[in-house]
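This report describes a structure for a reader who has not seen it before. Please look at the sequence and the model first, then read on.

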Amino acid sequence: MQKIILISGKRKCGKDFISERLQKRLADRALIVRISEPIKREWARKLQLDINAMLSDGPYKEQYRRDMIIWSDEVRRRDYGFFCRAAMQQAAVQNVDYVIVSDIRRKNDIRWFRETYGPDMVETLRLTSLPETRKARGWKFTAGVDDEPSECDLDDSAFDFVLANDRDEESGEHIIDQLMAMLKLS
Ligand SMILES: Nc1ncnc2c1ncn2[C@@H]1O[C@H](COP(=O)(O)OP(=O)(O)OP(=O)(O)O)[C@@H](O)[C@H]1O
C-alpha cells in the first residue's frame, strides 16, 4: 500500500461516484473501503437484521438509521478508531497500491488514519458541490441529518485537496483526469 485517499464531502457531492470512477481508472491497483460497512454489519448482527437490506438504500435502512447512529457514536466515544480499523481489517488492502476511503465524516477518522499509517501515506480530499447541484441530484435539507455531526464535523477542517464536482457527465472522465493530476497518480 502506497497511498490512502480519504474522501469526504456533504451528501450528494459525489463521494461514491468519484470513488467508483477513480477505482475503475486505477483498476486492480486500487480498492474502495467504506467505514459505514462494518457499522452496518455489526448493527445488523446485533439486531439480527437483514444485512442486504441494510446495505441498500431502501426504507429498512432509514428506519434503523437513527438508532444505529446513536449506538455507533457510543462505540466511537470509547474507541474513535473502532470502525476505521474494522473496515481496513476486512479489506484486502495489502494487495493494492491505493486505498480509497469513500465515506470520511469525522475529524477522528482522519486522525486515526494519520496516526495508524503515518501522515505521508494519507491524503485528504474534500469534494464540494453547490447546493443547486446537490438538489438536482436528489438532495433535500433534512433536519436531524444535515445538521448532525456526521454531516458537519469536517466543516471547519483543512484538507490536502479540494475538488469542485458540479459538472455532471455520465462517464466522469473529465473530473477523474483532473483528480489523477491533482493527486499525482498515473
Ligand atoms: N461528476 C458527476 N457526473 C455525473 N453524475 C454525478 C457526478 N457526481 C455525482 N453524480 C451523481 O449524483 C448522485 C449523488 O452522488 P453520490 O451518491 O456519489 O454522492 P454521495 O456524496 O456519495 O452521497 P451520500 O453521502 O448521500 O451517499 C449520484 O446519482 C451520482 O451518480
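## The shell around the ligand

In what follows, Ala, Val, Leu, Ile, Met, Phe, Trp, Tyr, Cys and Pro count as nonpolar, while Asp, Glu, Lys and Arg count as charged. The others, Gly among them, count as polar. The model is predicted.

The ligand is surrounded by 14 residues, and the closest are G14, K15, D16, F17 and D168. Sorted by class, this shell holds 7 charged, 4 polar and 3 nonpolar residues. The element that gives the most to the shell is helix α1 (residues 15–26), with 3 residues.

## Positions listed as binding site

An unreviewed UniProt entry lists K10, R11, K12, C13, G14, K15, D16 and R137 under "binding site". These positions span 128 residues in sequence, yet no two of their C-alpha atoms are more than 12.8 Å apart, so they gather at one spot.

Two of the listed lysines can be followed in more detail. K10 sits in the loop between β1 (3–9) and α1. K10 has 19 other C-beta atoms within 10 Å; because a residue needs 20 or more to be buried and 12 or fewer to be exposed, K10 is partly exposed. Neighbours within four places in sequence aside, K10 is in contact with R134 and E151. K15 belongs to helix α1 and counts as buried, with 23 C-beta neighbours inside 10 Å. With neighbours within four places in sequence again left aside, the contacts of K15 are I7, G9, S102, D103 and L127.

## N165

"Binding site" is also the term under which UniProt, in an unreviewed entry, lists N165. N165 is placed in the loop between β5 (161–164) and α9. Is N165 buried or exposed? N165 is buried, as 23 other C-beta atoms lie within 10 Å.

Not counting residues up to four places away in sequence, N165 touches C13, G14, I18, L127, T128, S129 and I175. Among these, C13 and G14 are also in the UniProt "binding site" list given above.

## E123 in strand β4

E123 is part of strand β4 (residues 122–128). E123 is partly exposed, with 19 other C-beta atoms within 10 Å.

E123 and K3 are 120 residues apart in sequence, and their C-alpha atoms are 7.4 Å apart in space. Setting aside neighbours within four places in sequence, E123 is in contact with K3, I5, L6, D160, F161 and L183.

## Two helix pairs

Two packed helices are described by the angle between their axes and the distance between the axes. Helix α1 packs against helix α9 (residues 173–182) at an angle of about 70°, with the axes 10 Å apart. This angle makes α1 roughly perpendicular to α9. On the α1 side the contact is made by I18, R21, L22 and R25, and on the α9 side by I175, I176, L179 and M180. By class, the contact of α1 with α9 has 6 nonpolar and 2 charged residues, and no polar ones.

What is the angle between helix α2 (residues 36–47) and helix α5 (residues 82–90)? The angle is about 95°, and the axes of α2 and α5 are 7 Å apart. That makes α2 roughly perpendicular to α5. The residues in contact are E37, P38 and I39 of α2 and F83, A86, A87 and Q90 of α5. By class, the contact of α2 with α5 has 5 nonpolar, 1 polar and 1 charged residues.

Definitions and conventions. Residues are numbered from 1 along each chain as its sequence is written. This is a predicted model: local features need pLDDT of at least 70, side-chain atom pairs count only at pLDDT 80 or more; totals for chains, interfaces and linings use all residues. A residue is near a molecule or strand if its C-beta atom, placed from the backbone, lies within 6 Å of it. Helices (H or I, at least four residues) and strands (E, at least two) are DSSP runs, numbered from the N terminus. Axes are lines fitted to C-alpha atoms, for helices over the stretch in contact, and angles run from 0 to 180 degrees between N-to-C directions. Angles under 35 degrees count as roughly parallel, over 145 as roughly antiparallel, 65 to 115 as roughly perpendicular and the rest as oblique. Two residues are in contact if their C-beta atoms, placed from the backbone, lie within 7 Å. UniProt positions are given in the numbering used here, feature names are shortened, and annotations may be inferred rather than shown by experiment.
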